Amino acid sequence: MIIRRDTLRAVLPATTADDTRYYLNAINIRPDGTVEATNGHVAIQAKEKGQFPDEDFPVVPGVEPFHGNPDGN
């Protein structure tokens, strides 16, 4: 599964840089391609409109390609 950089940037404003709430400065990527984030006050969820086939991207030598969707977030 390929997630575009623009999709990740779309949810970035909902994260926080507060050191005391470090668990809210991350972005969650779900197995269906949905990207979500929250800062405790605002939640944003974005989803890719079109999935990119894995075959469209080069294979790095020595790295086993992953096919399919992951089991969890």
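**Getting to know the chain and Ala-46**

Modeller: Starting at the N terminus, the elements of the protein chain come in the order α-β-β-β. Keep in mind that this is a predicted model.

Colleague: Why does Ala-46 count as buried?

Modeller: Buried means under 20% relative accessible area. Ala-46 has 16% relative accessibility, so Ala-46 counts as buried. Across the protein chain, buried residues make up 18% of the 73 residues.

Colleague: And which residues is Ala-46 in contact with, leaving aside neighbours within four places in sequence?

Modeller: Thr-7, Val-11, Gly-33, Thr-34 and Val-35. For contact, heavy atoms have to be within 4.5 Å.

Colleague: What about Ala-26, how far is its C-alpha atom from that of Ala-46?

Modeller: Those two C-alpha atoms are 14 Å apart, with the residues 20 apart along the chain.

Colleague: How does the radius of gyration of the protein chain sit against that of a compact globule?

Modeller: For 73 residues, a compact globule would come out near 11 Å, but the protein chain has 14 Å. Its C-alpha atoms fill a box of roughly 40 × 25 × 20 Å along the principal axes.

Colleague: Last one: how many positive and negative side chains are there?

Modeller: There are 7 positive and 11 negative ones, and the centres of the two sets lie 9 Å apart.

Notes: Residues numbered from 1 in each chain as written. Predicted model: local features only at pLDDT ≥ 70, side-chain atom pairs only at ≥ 80, totals over all residues. Heavy atoms only, no water. Buried < 20%, exposed > 50% of the residue type's maximum accessible area, 1.4 Å probe, protein only. Helix = DSSP H or I, 4+ residues; strand = E, 2+ residues; numbered from the N terminus. Rg over C-alpha atoms; globule rule 2.2 N^0.38 Å. Lys, Arg positive; Asp, Glu negative; His and termini not counted. Charge placed at Lys NZ, Arg CZ, Asp CG, Glu CD.
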